[in-house]
Amino acid sequence: MLRKVILLKPTTYSVASNPAQPEASRLRVRFAGESQTLPRHALGPKIYDHFLLHVIESGRGTFRTEADTYPLGPGDCFLIHPGQLVSYVSDHNDPWRYRWVAFDGDAAAVEVEATGLLPERPVLHMPSESRIPGYISRIQAGFQTKEESSHVAAVGYLYLIWAEIMRLGGRPAQVLLGEPQVQRTVKQMINYMTAQYAHPVSIEQMCASLGYNRAYLSRIFKKETGMTPITYLLRLRIDQSKRLLRERPDLSIEQVAASVGLTDPLYFSRQFKRRVGKSPSRYRKDIEDTSAQDQQKSIPKGQPS
């Protein structure tokens with residue numbers, strides 16, 4: 001008689017806690033760990049007072065909530081929400097190896113919602129080559145050093161984990177669901193220019209960054225905003241330069257021009273006068289004169305000035 005032989009994988013279990021453990025914070029990673037489980041290794045049913053994310057590196061198992069049952073395998077992840085009654089058990093033939101990270105904080109629920117791992121959808125099926133296990137491993141290794149600063153790095157890795165979940169789960173498209181593609185692209189253009197106006201970037205660079213043809217972007221941008229990207233970028237730079245001229249009298253005109261991404265001060269002055277109706281130096285002088293007059297008016301009559 002032939003008997004089926006099951007080769008058991010060597011069991012491992014390791015966990016490291018946050019050495020800092022701040023009592024209250026916007027976002028806090030509590031601990032991280034890893035385990036190669038035994039066949040039928042089970043936890044729960046139980047509830048947790050924190051978020052607990054698991055990602056499966058190998059093997060299989062089952063995750064259960066009060067509403068559903070999810071068979072999972074390599075690459076998949078499941079998120080346990082605070083106060084949710086859950087249980088999970090490893091496969092009897094191919095027990096899973098997983099890593100986990102626990103976190104909480106005032107902003108945790110809001111950040112989790114952005115990933116799409118909601119209580120009614122706590123599972124994401126992902127390719128086995130995701131970066132999440134590596135991020136959790138780095139959190140655990142950082143905590144094992146016992147350095148209190150490791151909790152800062154842990155929060156950074158947690159954000160990278162969420163970004164990976166959003167990338168692999170297609171969450172950005174879900175966030176913008178119902179918004180036309182053209183409007184999304186124009187918003188990307190505006191965000192790009194708002195972030196980069198202080199640098200000598202060009203419209204060609206923006207088009208290359210967004211991965212679109214310049215003619216197409218110019219056409220849809222003008223249709224949505226009523227102006228070309230070049231005009232929008234220049235107007236943004238002039239508006240920012242007006243703010244600097246008002247708030248930073250110590251800056252020269254050349255320094256103001258450079259601070260808004262225009263390296264040629266003569267070109268800057270010419271464009272400024274064209275759009276504002278006066279030169280940058282006259283604009284600043286008028287602001288200073290108006291400010292001096294206002295201060296003079298504020299002095300009570302009969303008081304020395």
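These legends walk through a few close-up views of a predicted model.

Residues are numbered from 1 along each chain as its sequence is written, and the side-chain values rest on heavy atoms, with hydrogens and water left out. Because this is a predicted model, local features need pLDDT of at least 70 and side-chain atom pairs count only at pLDDT 80 or more, while totals for chains, interfaces and linings use all residues.

**View 1. F51 and F103 make a stacked ring pair.** Searching the whole structure turns up 17 aromatic pairs. (Rings of Phe, Tyr and Trp, the last by its six-membered ring, pair if their centres lie within 6.5 Å; planes under 30 degrees apart are stacked, over 60 edge-to-face, and the rest tilted.) Here the ring centres of F51 and F103 sit 5.3 Å apart with planes at 10 degrees, so this pair is stacked. (Helices, H or I of at least four residues, and strands, E of at least two, are DSSP runs numbered from the N terminus.)

**View 2. How exposed are F51 and F103?** F51 is buried at 7% relative accessibility, and F103 is buried at 1%. (Buried means under 20% relative accessible area, exposed over 50%, partly exposed in between, using a 1.4 Å probe and protein chains only.)

**View 3. Ring pairs tie eight named residues into a cluster: Y13, F63, Y70, F78, Y88, W96, Y98 and W100.** Look for the Tyr, Phe and Trp side chains among them.

**View 4. Helix 1 has a buried face.** In helix 1 (residues 108-115), the buried residues are A108, E111, V112 and T115. Looking down the helix axis, they fall within an arc of 100 degrees, so they line one face. (The arc is that of the directions from the helix axis to the C-beta atoms.) An α-helix has 3.6 residues a turn, so residues three or four places apart point the same way. Just after helix 1 comes G116, with a positive phi of about 90 degrees.

View 5. Most residues other than glycine have a negative phi, and most peptide bonds are trans.
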